[in-house]
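User: Please take me through the strands and the core of this structure, one question at a time, with the criteria behind each term.

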Amino acid sequence: MGQGNLMSSLIMIVAMIVIFYFFMIRPQAKKQKELKKFREAMKPGDKVVTIGGIHGKILEIRDTTVLFQSEGTKLVVDKAAISQSFEAPAR
């Protein structure tokens, strides 16, 4: 009886690890991979949003930083601070 109890407990633990992997770890890794691909594909002229919510247009891309312009102000931010691209609304 103890052997069956141990086996079912082990199966439950393995099942929980598998579920955790597919619902937590795998999607996060996929998202990080897509974000890295996006940052490598950035080019001058792209409109982007920083993780702080600042919208602007890329002027220059350096090794680890990006120079971009927002409302007439030029800012230098780390590439890791760029979170997504955006399209400006039509006026």
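User: How many residues does the hairpin that joins β2 to β3 pass through?

Analyst: This is a predicted model, in which local features need pLDDT of at least 70 and side-chain atom pairs count only at pLDDT 80 or more, while totals for chains, interfaces and linings use all residues. Residues are numbered from 1 along each chain as its sequence is written, and side-chain values use heavy atoms, with hydrogens and water left out. Strands are DSSP runs of E of at least two residues, helices being runs of H or I of at least four, numbered from the N terminus, and two strands pair if DSSP finds at least two bridges between them. β2 and β3 pair in the antiparallel sense over four bridges, with Ile61 as the bridge partner of Val66 in β3, and the hairpin that joins β2 to β3 runs through three residues.

User: Which residue takes a positive phi in the hairpin of β1 and β2?

Analyst: Strand β1 (residues 47–50) is joined by three bridges to the antiparallel strand β2 (residues 55–61), and Val49 has His55 as its bridge partner in β2. The hairpin has four residues between the strands, and the one with a positive phi, near 95°, is Gly53.

User: Which strands are the edges of the sheet?

Analyst: The open sheet has five strands with antiparallel pairing, in the order β4-β3-β2-β1-β5. Each edge strand pairs on one side only, and the two are β4 (73–78) and β5 (82–85).

User: Which residue in β4 does Leu67 stand opposite?

Analyst: Strand β3 (residues 65–70) pairs with β4 in the antiparallel sense over six bridges. Within β4, the residue opposite Leu67 is Val76.

User: How many residues make up the largest nonpolar core?

Analyst: A nonpolar core is a set of buried Ala, Val, Leu, Ile, Met, Phe, Trp, Tyr and Cys residues joined through side-chain atoms within 4.5 Å. Met42, one of the members, touches Val48, Ile58, Ile61, Val66, Lys79 and Ile82, again leaving out residues up to four places away in sequence. The largest core consists of Met42, Val48, Ile58, Val66, Phe68, Val77, Ala81 and Ile82, in all eight residues.

Notes: Buried means under 20% relative accessible area, exposed over 50%, partly exposed in between (1.4 Å probe, protein chains only). Contact means heavy atoms within 4.5 Å.
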